[in-house]
Amino acid sequence: MVSDEDVEQLYQKLKEDAESAGYHLNPDRSFVMGIVRGLLTNMERFGYMACPCRLPSGVREEDLDIICPCDYRDQDLTEYGACYCALYVSERVARGEDELRPVPERRGSRQGTAQQRQVGEPKIAGLSKPVWRCRVCGYLCARDEPPEVCPICKASRERFERFM
Amino acid sequence: MGKVHVDGRDAGGVTLYALSTCMWCKKTRDLLSKLGVSYDYVYVDLTSGAERAGLIDELRKFNPNLTFPTLVANGKVIVGYREKEIKSALGVA
């Protein structure tokens with residue numbers, strides 16, 4: 001069982017991480033606490049924080065794109081002012097200037113996702129280092145391997161793809 | 001855990017496919033309770049094996065994207081928490 005203390009602790013961490021990187025948690029605190037509890041429940045069940053508003057397969061590799069923050073968060077924030085769960089919201093929604101609205105599911109079928117992942121590895125001659133892209137927030141860095149944790153959105157190394 | 005029946009005023013056949021971890025599913029359940037209608041719900045994430053497969057097949061007929069919450073009220077399918085649409089499908093103004 002997930003304790004209230006764990007929920008509070010993760011909430012504080014997510015809030016700090018969000019604010020330090022220019023993201024915003026939904027100002028509806030009790031709603032967010034419910035989402036955070038869902039994340040911790042999935043952590044207990046699967047060993048990773050799968051999106052609480054989606055049905056995870058339980059296989060980490062298949063669920064990578066929906067480990068929170070999911071690969072779709074930033075696009076949904078731009079288009080709908082909130083991520084799929086409404087854990088993260090746009091600045092306008094956070095300020096109460098825009099209302100929350102339902103966010104349609106952007107995630108394709110699992111097969112589609114797998115295919116997308118295999119889509120080419122563009123190579124540009126003459127680069128001294130490969131360039132890695134964080135699938136979650138788009139952060140780019142040129143180094144031999146991606147960082148352990150994305151410095152912007154805190155996604156883990158396995159969420160990076162070779163960009164150039 | 002299969003489908004659970006919640007007693008209330010009869011508003012026709014009402015089934016909610018939900019996830020136990022999802023706050024939009026919770027909001028949908030809260031709305032149904034507030035409206036006091038009778039309905040069945042199932043937390044698909046708490047099922048496994050053949051039961052899960054059966055529920056997924058059932059849900060796919062109503063919502064091929066298999067997203068939650070999916071509410072089926074008197075033949076109308078409402079995907080996501082949409083208060084107005086839910087009320088209208090239940091005949092509540």
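Modeller: In this predicted model, helix α2 (residues 49-62) of chain B lies across β2, β3, β4 (70-73) and β5 of chain B. The helix runs at about 115° to β2(B).

Biologist: Which residues of α2(B) are buried?
Modeller: They are Leu55(B), Ile56(B) and Leu59(B). Seen down the axis of α2(B), the buried residues fall within an arc of 105°, so they line one face of the helix.

Biologist: Why do residues three or four places apart point the same way?
Modeller: An α-helix has 3.6 residues a turn, so such residues point the same way.

Biologist: What do the buried residues of α2(B) pack against?
Modeller: They pack against β2, β3 and β4 of chain B. On the other side of α2(B), Ala50(B) and Lys61(B) are exposed.

Biologist: Now the sheet. What is the order of its five strands in chain B?
Modeller: The order is β1-β3-β2-β4-β5, in an open sheet with mixed pairing. The edge strands are β1 (4-6) and β5 (76-79) of chain B, each of which pairs on one side only. Neighbouring strands of this sheet are turned by 20° against each other on average, direction ignored.

Biologist: How many bridges join β2 to β3 in chain B?
Modeller: Four bridges join β2 (residues 14-18) to β3 (residues 39-43), and these strands of chain B run parallel. Within this pairing, Tyr17(B) has Val42(B) in β3(B) as its bridge partner.

Biologist: To change topic, what is the mean pLDDT of chain A?
Modeller: The mean is 91, and 90% of the residues of chain A reach 70 or more. Over residues 110-115 of chain A, however, the pLDDT is below 50.

Methods: Residues are numbered from 1 along each chain as its sequence is written. Chains are lettered from A and ligands numbered from 1 in the order in which they are written. This is a predicted model: local features need pLDDT of at least 70, side-chain atom pairs count only at pLDDT 80 or more; totals for chains, interfaces and linings use all residues. Side-chain values use heavy atoms; hydrogens and water are left out. Two strands pair if DSSP finds at least two bridges between them. Helices (H or I, at least four residues) and strands (E, at least two) are DSSP runs, numbered from the N terminus. Axes are lines fitted to C-alpha atoms, for helices over the stretch in contact, and angles run from 0 to 180 degrees between N-to-C directions. Contact means heavy atoms within 4.5 Å. pLDDT is the predictor's confidence in each residue, from 0 to 100. Buried means under 20% relative accessible area, exposed over 50%, partly exposed in between (1.4 Å probe, protein chains only). The arc is that of the directions from the helix axis to the C-beta atoms.
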